[in-house]
Amino acid sequence: MKTLLKTSASALVLAGAMATATAAQARDQIQIVGSSTVFPFSTAVAERFGQNTSFGTPVVESTGSGGGMKLFCAGVGEQTPDITNASRRIKAKEFKQCAENGVTPVEVKVGFDGIVLGSAKGGIELNLTRADIYGALAKNIEKDGKVVANDAVTWADVNSGLPAVKIEVLGPPPTSGTRDAFVELVMEKACAEAVEAKDEDLCTEIREDGAFIEAGENDNLIVQKLEANPNAVGIFGYSFLDQNSAKLRGANVDGNEPTFENIAAGDYPISRSLFFYVKKEHVGVIPGIEEFVAEFTDEDTWGPDGYLADKGLIPLPDADRDAIASDAAALKPLAM
Amino acid sequence: MTDPAPNPAIAVGAATDDRAARSTRTRKRFAAERRFRFYGLAAVLTAFGFLILLLSTVIGNAIPAFTYNYAQLPVELTNEKLTPENAAEFDFRKTVHAAQLSLFPDISDRAGRRLVRGIFSSGTPIVVRGEVAANTDWIGTRQIIPVPVSDDADLYLKGLVDTDLPESQRNISDAEIALVDQLVERGLIERQFNTIFFTNGASREPEMAGIMGALIGSLLTLSITLLLSAPIGVLAAIYLEEFAPKNRLTDFIEVNINNLAAVPSIVFGLLGLAVFLNFMEFPRSAPLVGGMVLALMTLPTVIIASRAALRAVPPSIREAALGIGASRIQTVFHHVLPLAMPGILTGTIIGMAGALGETAPLLMIGMVAFVVDLPAAVTDPATVLPVQIYMWADFPEIGFQQKTAAAIVILLLFLIAMNAIAVWLRSRFERRW
């Protein structure tokens, strides 16, 4: 068994040597982190970029918008990512964090994402307003000037024009960016109109009594659960409705159907902007960053006929695309 | 309960009653045993039923993923800029689009051209580039190259699209179906074994996505794990079992090792992030770091299994060796360790199988990532099989559902192979006393 000892000793030495050797090696592909909503689009661009240029294919991680910002703003150097995706704008706090660590973010807005309330084909058919959604899902509502627990059981309890079907909504958990956007775009908007006493928790808290079911981050799972339960309504990104149009139908919100055209025109109310942020300090250090930004902001990529539209990204208006593409090419630093 | 000296007068009178009562009791006991056996069998059958259900769904979903529909594309490789030297980098998009249109000479408008392009995979130029780079003598000629059709066209050809639905509810339009049917009539579509699935890395297009990148990543990660956890674990077990004095310190170590075996794996990921990435500055997403984190995670398993195997070697072996003058280290390495080896190997392989299925600790160190290029070294960005399954399950394209199931089948095959090796080692080398 002397050989065993020798092998193990040499294995340890080898592992140690490999470790030290790599620490000194330079990175030759772009590292991207951030939002899981932007992930399907960012990966598509990364793949094309790798195929059509001589640079390595960027590595894309799905860490969530907040997690991505934390890694991105942690400092400058090849240990830190070059680009972070976000399904919301960078927060002032994060921008300050970036500045303190010597990171200059360049903001690129890439398009819109619609959040839809969908149900199975042949299942419940809803024509909602944002006030209805708030009335159905808020944990506490204001009744006759007093704050009481929401006791609406069916959609008809919220609005007599809606079907008398039990409220069952499958949605993302609080860690998800989709949930943040949903709360901001629906709950807070409707709440501001409905509630007089402006209490932040009153507007953002979602029911925990079974009417709203946290269904995890995987939108495919929500789609499957909707097929099994025709009375349930799911909250998920537009790209899943687009891909599963044979099985699902999106509920109208404020009279607008969740279609590509309505979201692009800004008529459908629950949509948000998607961004990515480039670390200016890494441009020229890590090869290919400028070329990647150029690929992402190319008309064949993010335009109305580009390949990202096929993946479910809602393009920006024409004029915005031109302005953003030229700002991005000039690497204009973000000012806040 | 029974009276040692029963009263004979009562005993005689009660004899027949007693026998009847005894036989009822016996029947009851037999019935209880039969019931127990039935419960046990029912439990096994239920578990087996669930297993069959799980496997049949997964395998049923996976089968379509192992074949793919290819179209025979006549490609003119006559572009004067194309040379044998630049074939591996040449941009074949224009060449391929021209070839695709040449199949439908009566289509010339812009919308029609888009439609034609839509029934082929968007990875067609990459496939053609690979073929031409491997056969540079084709340059300057016209070649028929089989290229994958688009994922939606493939689903249609496999009969997985409900054509009775209205056009707006399908991902493939009537016009596209007409074009695909035309190709089928002309005999240009052939269903082949899906080699792309076994040779490519990750992709956002279901038809271009393969398992190879994740497979290499898993192998690299597991070899690092094995290289680190096997020697450290076995040596630790030998020391603790054979040499260490029994005192408070070794008791404390033992309790901690047992505790570590039950720590949730994500904790090891956090440790890896803090120590290996932030402090030691190793690269993100690398199998080297993944292997080190998984080694930490499997160490307790290996140590516990190895100690159990060493303890199972009877003391008489050690005493005999010491008795004829062997030193303690000779006793351990010449006699005890070889006898304990089957148990140690089994424990190590089961630990490895656990590491193969792990994703949570890898999340923290960046291995849950979209990696297209195949990793060539332990420091290249890579992902592993379970992560690949997780990511495919999350993509919206319907074509990825089959890929997910196929990847699960491959992961299961690996696990079965590893566990089979463990069983074989045990039955082949194990000795009983």
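Reply: A residue counts as buried under 20% relative accessible area, as exposed over 50%, and as partly exposed in between. The model is predicted. A:Glu107, at 21% relative accessibility, is therefore partly exposed. The side chain of A:Glu107 meets that of A:Arg89 in a salt bridge, with 2.9 Å from N to O. A:Glu107 belongs to strand β4 of chain A and A:Arg89 to the loop between β3 (83-86) and α4 (92-100), so the pair ties together parts 18 residues apart in sequence. A:Arg89 is likewise partly exposed, its relative accessible area being 41%.

As to the domains, chain A is assigned domain 1 (29-113 + 272-329) and domain 2 (114-271). Their contact takes 13 residues from domain 1 and 17 residues from domain 2. The C-alpha centres of the two domains lie 29 Å apart. Between them about 1000 Å² is buried, 56% of it given by carbon and sulfur atoms. On the side of domain 1, A:Asp113, A:Arg272 and A:Ile314 supply 54% of the area buried against domain 2, more than any other three residues.

Across this interface the rule finds 0 salt bridges and 1 residue pair in polar contact. Strand β4 (105-120) and helix α14 (307-310) of chain A each give two or more residues to the side of domain 1 that touches domain 2. That side divides into 5 nonpolar, 4 polar and 4 charged residues.

A:Arg272 and A:Asp113 also form a salt bridge with each other, at 3.1 Å from N to O. This pair links strand β13 (residues 271-279), which holds A:Arg272, to strand β4, which holds A:Asp113, across 159 residues. Both A:Arg272 and A:Asp113 are buried.

Terms used: Residues are numbered from 1 along each chain as its sequence is written. Chains are lettered from A and ligands numbered from 1 in the order in which they are written. This is a predicted model: local features need pLDDT of at least 70, side-chain atom pairs count only at pLDDT 80 or more; totals for chains, interfaces and linings use all residues. Side-chain values use heavy atoms; hydrogens and water are left out. Domain bounds come from an automatic or database domain assignment. Contact means heavy atoms within 4.5 Å. Buried area is the accessible area (1.4 Å probe) that two parts lose on being put together, summed over both. A salt bridge is a side-chain nitrogen of Lys or Arg within 4 Å of a carboxyl oxygen of Asp or Glu. A polar contact is a pair of N or O atoms within 3.5 Å; within protein, one must be able to donate a hydrogen and the other to accept it, and residues adjacent in sequence count only if both atoms are side-chain atoms. Helices (H or I, at least four residues) and strands (E, at least two) are DSSP runs, numbered from the N terminus. Ala, Val, Leu, Ile, Met, Phe, Trp, Tyr, Cys and Pro count as nonpolar, Asp, Glu, Lys and Arg as charged, and the others, Gly among them, as polar. Buried means under 20% relative accessible area, exposed over 50%, partly exposed in between (1.4 Å probe, protein chains only).
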